[in-house]
Each structure stands twice: as structure tokens, then as C-alpha cells.
Amino acid sequence: MDNGDKIDAIIVDFSKAFDLVPHGRLLTHIANSGVDSRVVVWIREFLSGRTQRVRVGGQLSAEEVRVTSGIPQGSVLGPLLFLAYVNDIWRNIESTIRLFADDYVIYRKIINNADMEKLQKDLDKLGGVGG
């Protein structure tokens, strides 16, 4: 690498994304991956019918709300579903990306403004992970 060249790297922690994965998009993603349709149905049943209530200072909300996003945490299946959702985020990315448990690093050698724009474009694509 020349002394004037640099590499820009961005580390992204998507551990909070566990709570944001839309069930419909997750199921579509899994179905499109070629998994047997019976597995997709089983996962849909696993995710369906979930509700939540909020407790603040000992007060429990009166209304239960249907849960349509998020990976059930504390389950054996949860981490596997999350990985299935994010495992191919590298597709359609021009920069280099490395995936870890709940984060990734994306980097690119920056020689000119076009390189910076490509890295930004890739970051914008990753903003809609699983899209």
C-alpha cells in the first residue's frame, strides 16, 4: 500500500437488530434460501401467536400487543434464525465485509472520492439488512 492510500473501516454492532427482524421478511428470506417448505411452516408456527405486555414500576399494561418482529431470545432456535436472516448480507456489496457473531466490519481501500462513495453506497445497502 502506498503511503497516501488508506483503508476506511466501519464496525457495526447489530445485536439490537435481534429485536427488529420482521417475521414476514424473515420467513420470505428463509423460504427463498431453498429450505424445505415444511421447515418454513414450522418456523412460521414458532413465531406466530406471540404477544407482549409492558411492565413499568410494577404496573402491567392492560393490553397485550401482537408481536410481528424480533427473534425470540432465550430459545435455541433464535440465534439460528438471526444468522439465517443476516448470513448473506455480503451479497451485492462491493466493499469487503466480515461477519462475526452479532456485528460486522466493512472496509475498503480509499484512493479517491469514488471509493468513498462506493463504501457509503454499501453502507446504505446494509441499512436494510435482509431486504
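Student: Leaving aside its neighbours within four places in sequence, which residues is I11 in contact with?
Tutor: This is a predicted model, and in it I11 has its place in strand 1. Once neighbours within four places in sequence are set aside, the contacts of I11 are Y104 and V105.

Student: Is I11 buried or exposed?
Tutor: A residue counts as exposed over 50% relative accessible area. I11 has a relative accessible area of 67%, so I11 is exposed.

Student: How far apart in space are I11 and D115?
Tutor: In sequence, I11 and D115 are 104 residues apart. Taken from C-alpha to C-alpha, their separation in space is 18 Å.

Student: In what order do the three strands of the open sheet stand?
Tutor: The pairing in this sheet is antiparallel. Strand 1 (6-13) and strand 6 (96-99) stand at the edges with a single partner strand each, so one side of each has no neighbour in the sheet. Neighbouring strands are turned by 15 degrees against each other on average, direction ignored. The order is 1-7-6.

Student: How many bridges join strand 6 to strand 7?
Tutor: Strand 6 and strand 7 form a hairpin, with three residues between them. Within that pairing, L99 stands opposite Y104, and R98 has V105 as its bridge partner. Strand 7 covers residues 103-110 and runs antiparallel to strand 6. The number of bridges joining them is four.

Student: At about what angle to strand 7 does helix 4 run?
Tutor: Helix 4 (residues 113-126) lies across strand 1, strand 6 and strand 7. Its direction relative to strand 7 is about 160 degrees.

Student: How far does helix 4 reach from its first C-alpha to its last?
Tutor: Helix 4 has 14 residues. At 1.5 Å a residue, the expected reach is 20 Å. The model is close to that, with a reach of 20 Å.

Student: Is R108 buried or exposed?
Tutor: R108 is found in strand 7. Not counting residues up to four places away in sequence, R108 touches K6, I7, D8, E94, S95, D115, K118, L119 and D122. Buried means under 20% relative accessible area. R108 is at 14%, so R108 counts as buried.

Student: What is the phi of N92?
Tutor: Most residues other than glycine have a negative phi. N92 is found in the loop between helix 3 (77-86) and strand 6, and N92 is exposed, with a relative accessible area of 66%. N92 is not a glycine, yet its phi is positive, at about 65 degrees.

Technical notes:
Residues numbered from 1 in each chain as written. Predicted model: local features only at pLDDT ≥ 70, side-chain atom pairs only at ≥ 80, totals over all residues. Heavy atoms only, no water. Pairing = 2+ DSSP bridges. Helix = DSSP H or I, 4+ residues; strand = E, 2+ residues; numbered from the N terminus. Axes fitted to C-alpha atoms, helices over the stretch in contact; angles between N-to-C directions. Contact = heavy atoms within 4.5 Å. Buried < 20%, exposed > 50% of the residue type's maximum accessible area, 1.4 Å probe, protein only. Expected span 1.5 Å × (residues − 1).
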